[in-house]
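Please keep the sequence and the structure in view while reading.

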Amino acid sequence: MEARSPRELEARNYLEKHRIMELLNYLTSALLFFRPGEPREYLISILERLRISKISGVAFPFFMDNSNIAAMFEMLDSSNRGTISLTQYKEALKILGLCTADEVFKDDGHGITFEKFRCEVNKRTLEI
């Protein structure tokens, strides 16, 4: 989606600079993953923990641990080849709120291994 006016371009740059869309995707994914009874209070608590994490330098605990990441990879790798396609990889990151729809990935012709998938999920989570 291309910005049409200077104001739209300014807004888009602001959202990208502050990674607002990634944060909103993360919050939405967490909400759908846990489905808390009090969603507003839950979102406030996540934002508070993110703020404290940023101030203290202590890593924020992500809602996907290694067993969840492994389970997701295994569902994507239904043929048990040990790799998933770049398209599957990008969709998984989008579902987790860890990439934007227009993010471009370089296809080196090789599949994505579990190790690469796990490392990228963890790295992108820390960046949030």
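Does Glu-120 count as buried or exposed, and at what relative accessibility? Glu-120 counts as buried because its relative accessibility is 15%, which is under the 20% limit for that class. The model discussed here is predicted. Glu-120 is part of helix H6, which spans residues 114-127. Setting aside residues up to four places away in sequence, Glu-120 touches Tyr-89 and Leu-93.

## Overall architecture

The chain contains six helices and two strands. Along the sequence these elements follow the pattern α-α-α-α-β-α-β-α. The chain has 128 residues, and buried residues account for 26% of them. When contacts between residues at least 6 apart in sequence are considered, 58% join residues at least 24 apart.

## Nonpolar cores and a surface patch

The largest nonpolar core is made of 14 residues, and the members with the most contacts inside it are Ile-84, Tyr-89, Leu-93, Phe-117 and Val-121. Helices H4, H5 (86-95) and H6 each supply at least two residues of this core. Another core, of six residues, lies apart from it and includes Tyr-26, Leu-27, Ala-30 and Leu-50. Tyr-89 and Leu-93, named above for the largest core, are also the residues that Glu-120 touches beyond four places in sequence.

A nonpolar patch on the surface is formed by Tyr-14, Leu-15, Met-21 and Leu-24, which together have about 370 Å² of accessible area. Helix H1 (6-17) and helix H2 (20-34) each contribute at least two residues to the patch. Tyr-14 belongs to helix H1.

Side chains of opposite charge can pair when their charged atoms come close. Across the whole structure, a search finds nine salt bridges.

| Pair | N to O distance |
|---|---|
| Glu-115 and Arg-118 | 2.4 Å |
| Glu-120 and Lys-123 | 3.6 Å |
| Glu-120 and Arg-124 | 2.7 Å |

Glu-115 and Arg-118 are both in helix H6, three residues apart, which is about one turn of the helix. Glu-115 counts as partly exposed because its relative accessibility is 41%.

With a relative accessible area of 10%, Arg-124 is buried. Salt bridges with shared partners join Glu-103, Glu-120, Lys-123 and Arg-124 into one network.

Which side chain of opposite charge is nearest to Asp-77, and how far away is it? The nearest is Arg-81, at 4.7 Å. Asp-77 is buried yet has no salt bridge.

Asp-77 sits in the loop between helix H4 (66-76) and strand S1 (83-84). Leaving out neighbours within four places in sequence, Asp-77 is in contact with Gly-82, Thr-83 and Ile-84. Ile-84 is one of the residues with the most contacts inside the largest nonpolar core.

Lys-106 is located in the loop between H5 and strand S2 (112-113). Lys-106 counts as exposed because its relative accessibility is 76%, and the limit for that class is over 50%. Lys-106 and Leu-86 are 20 residues apart along the chain, and their C-alpha atoms are separated by 8.6 Å.

Definitions and conventions:
Residues are numbered from 1 along each chain as its sequence is written. This is a predicted model: local features need pLDDT of at least 70, side-chain atom pairs count only at pLDDT 80 or more; totals for chains, interfaces and linings use all residues. Side-chain values use heavy atoms; hydrogens and water are left out. Helices (H or I, at least four residues) and strands (E, at least two) are DSSP runs, numbered from the N terminus. Buried means under 20% relative accessible area, exposed over 50%, partly exposed in between (1.4 Å probe, protein chains only). Lys and Arg count as positive and Asp and Glu as negative; His and the chain ends are not counted. A salt bridge is a side-chain nitrogen of Lys or Arg within 4 Å of a carboxyl oxygen of Asp or Glu. Contact means heavy atoms within 4.5 Å. A nonpolar core is a set of buried Ala, Val, Leu, Ile, Met, Phe, Trp, Tyr and Cys residues joined through side-chain atoms within 4.5 Å. Patches are made of residues with over 30% relative accessible area and no salt bridge: like charges are joined within 9 Å, nonpolar side chains (Val, Leu, Ile, Met, Phe, Trp, Tyr) within 5 Å. Accessible areas come from the Shrake-Rupley method with a 1.4 Å probe; for residues, only the protein chains shown count as cover.
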